[in-house]
Amino acid sequence: MEPFRFHLFICSQQKPEGVPSCPSNGSFVVLDALDHELQARGLKSDVQLTTCGCMGLCDEGPVMVVYPAGVWYRRVRASDVSEIVRTHLRDGKPLDRLVWNDPPAMKAMAVEHEEKFRAAMAARDKAGMLPDRIEQMIRGYMPSRCILTALELDIFTAVGAGANAEQIGMRIHANARAVGMLLNALVALGLLSKSGDDYANTPESARFFVQGSKDNHRLGLLHTANIWHRWSRLTDAVRSGTRVPIDLRNDAGDNTPEWTRNFITGMQRNAKERAPLVVKALGTSGVRRILDLGGGSGAYSIGFAKACPDVHCNILDLPEVVPLTAEYVSQAGVSEQVGLHAGNMLQDDFGCGYDLIMLNAICHMFSEEQNREIFRRAHHALAANGRLVVQDFILNPDKTGPQHAALFSLNMLVATDSGASYSELEYTDWMKTAGFAEVCRINLPGPSGLIVGRVK
C-alpha cells in the first residue's frame with residue numbers, strides 16, 4: 001500500500017572526495033530542483049520525496065527510483081527534472097530516455113560495488129587506518145576556520161557582484177595570492193562560484209553573509225570567530241580547570257563595545273527564533289509581570305509583550321548591554337511594556353511580585369553555587385503561583401549527551417570562570433532546595449529545553 005501516488009528515492013550517500021557517488025554527480029542539486037518543481041506544479045501532496053543511502057550504482061548517478069512501479073532513473077540532471085515531473089509524475093508516463101531497465105546489469109553492478117566496498121574496508125582495517133568518521137571530526141576545524149576568516153575579512157561583501165582575487169584583496173587590504181587561496185577554498189565549500197578568474201557569491205552566501213542583506217548573519221557569527229580563539233586554549237583549560245588568558249590583543253577584545261555588540265547580535269540570532277516557542281510553551285494566562293534576567297537582546301520579553309498587551313517585563317542586564325537591548329526593544333515597538341535596568345544579577349535586588357522570572361541561556365555561564373543563589377533569590381521575588389523558567393542545553397543524567405550540550409559545556413570551560421552545561425537532575429535539585437514545590441521539564445524543538453519551577 002502506498003499513501004502517496006508516487007514515492008521518489010534519491011541517493012544522498014556522501015563519500016570521500018575522489019570516490020564516485022551520487023552527491024558528487026549532483027544529487028543534491030537534483031533534489032532541490034525536484035522540491036521546487038513539485039511545489040510549483042502543486043504535486044507535493046501527491047509525491048513523497050525521500051533521500052536514501054547508497055544503492056550500489058555510483059558510477060551511474062545520480063540514481064532515482066520512483067515507486068510504486070519501481071522505475072529506475074540514472075544520470076539524472078537538474079535540467080531533466082521539469083520533464084520527469086511533467087511526463088511521469090503528472091501524466092504517469094516514465095521518461096524513457098533516462099529509464100534504466102536492465103535488471104541483470106544493475107544487479108551485477110550493485111553486487112560488484114558491495115564486494116569492492118567490503119574489500120576496501122577490510123584492507124583499511126587491516127592497515128590500522130583511521131575511520132573516515134574520526135578523520136572528518138579531527139579535520140573539522142579546517143572548513144570552520146575558512147568560513148570564519150572569510151567573515152572576519154568580510155570577503156563575501158567584498159566579492160559583491162563579482163570580482164577577481166586581486167580586486168577583492170585590494171578591497172579588504174589583504175595579500176592577493178593568499179586571498180585567492182581562500183576564495184578557492186570557499187568555492188570548494190560551495191559558498192562561492194568561479195568563472196575564469198572571477199568569483200561570485202552563491203544565493204546562500206549573498207543572503208546570509210553580505211552587508212545590506214536583511215538576513216545577514218555576519219555580525220552575530222563574528223562572536224563564533226571570537227570564541228574560536230578561546231577553543232584553541234582548550235588543552236590548557238582542561239589542565240587548569242578554568243578558562244586561561246589568551247594573547248592580550250584578543251583578550252582585550254572581550255571587553256570592547258564591538259565584542260559586546262557581536263555577542264548580543266549572535267544571541268539575538270538564536271533567541272528571535274526560539275522566543276515564540278517559549279511563549280507558546282509557557283502561555284500568558286496569569287502572567288502580568290515578568291523579570292528577564294540577562295535578557296540580552298530582549299527577544300523573550302519582546303515575545304511576551306507582543307503576545308499579550310497586559311504583560312509588563314523588566315530586563316536586568318549589564319550596563320554595557322542595556323543600550324543594545326534598548327535598540328531591539330524600540331525596533332519591536334514595545335518600549336511601553338518592556339523596562340530596562342542596568343545591573344548585575346549576581347548582586348542586585350530582584351524586587352518582588354513577579355509572575356514569571358526567566359533565565360534564558362544564562363545558567364550555563366555560572367557555577368553551581370551561583371545558580372543555587374540565583375534560584376533562592378528568584379523564589380523570594382516571585383508572587384504566589386509564580387514560575388522560574390530556565391532555558392538551556394540540558395544534559396542527560398550521566399552528562400554524556402545530547403552531543404550539543406556536552407560540547408557546549410566545554411565552550412563554557414574555555415570562555416567562563418566556572419560555567420558548564422547542567423543536567424535536569426541538577427536543575428531540579430537546585431529549584432527544590434530553593435523552595436519550589438513543583439518542578440517540571442518542557443521539551444522544545446531544537447537543542448535547548450525548559451525547566452520550570454512553581455511557587456506554592
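Mentor: Let's start with His 173, which lies in the loop between helix H7 (165–172) and helix H8 (176–188). Keep in mind that this is a predicted model.

Trainee: Is His 173 buried or exposed?

Mentor: His 173 counts as exposed, at 75% relative accessibility. Its phi is near 60°, a positive value in a residue other than glycine.

Trainee: Okay, and what about Arg 75, where is that?

Mentor: Arg 75 sits in the loop between S4 and helix H2 (81–90). Arg 75 is not a glycine either, yet has a positive phi of about 55°. With a relative accessible area of 45%, Arg 75 is partly exposed.

Trainee: What does Val 71 touch, beyond its neighbours within four places in sequence?

Mentor: Met 64, Val 65, Val 66, His 88, Pro 94 and Val 99 are in contact with Val 71.

Trainee: Switching topic: which residues does a cis peptide bond join?

Mentor: Pro 68 is in the loop between strand S3 (64–67) and S4. Another joins Gly 401 and Pro 402, where omega is about -5°. Pro 402 lies in the loop between strand S13 (394–395) and helix H17 (403–415).

Trainee: How many disulfides are there?

Mentor: The count comes to zero, with a disulfide taken as a pair of cysteine sulfur atoms within 2.5 Å. Cys 22 is in no disulfide, and the nearest cysteine sulfur, that of Cys 11, is 3.8 Å away. Cys 22 counts as buried, at 3% relative accessibility.

Trainee: Last one: where does Ser 297 lie, and what is it in contact with?

Mentor: Ser 297 lies in the loop between strand S8 (289–293) and helix H14 (299–307). Ser 297 is buried, with a relative accessible area of 3%. Leaving aside neighbours within four places in sequence, Ser 297 is in contact with Ile 264, Gln 268, Ile 302, Thr 325 and Tyr 328.

Technical notes: Residues are numbered from 1 along each chain as its sequence is written. This is a predicted model: local features need pLDDT of at least 70, side-chain atom pairs count only at pLDDT 80 or more; totals for chains, interfaces and linings use all residues. Side-chain values use heavy atoms; hydrogens and water are left out. Buried means under 20% relative accessible area, exposed over 50%, partly exposed in between (1.4 Å probe, protein chains only). Contact means heavy atoms within 4.5 Å. Helices (H or I, at least four residues) and strands (E, at least two) are DSSP runs, numbered from the N terminus.
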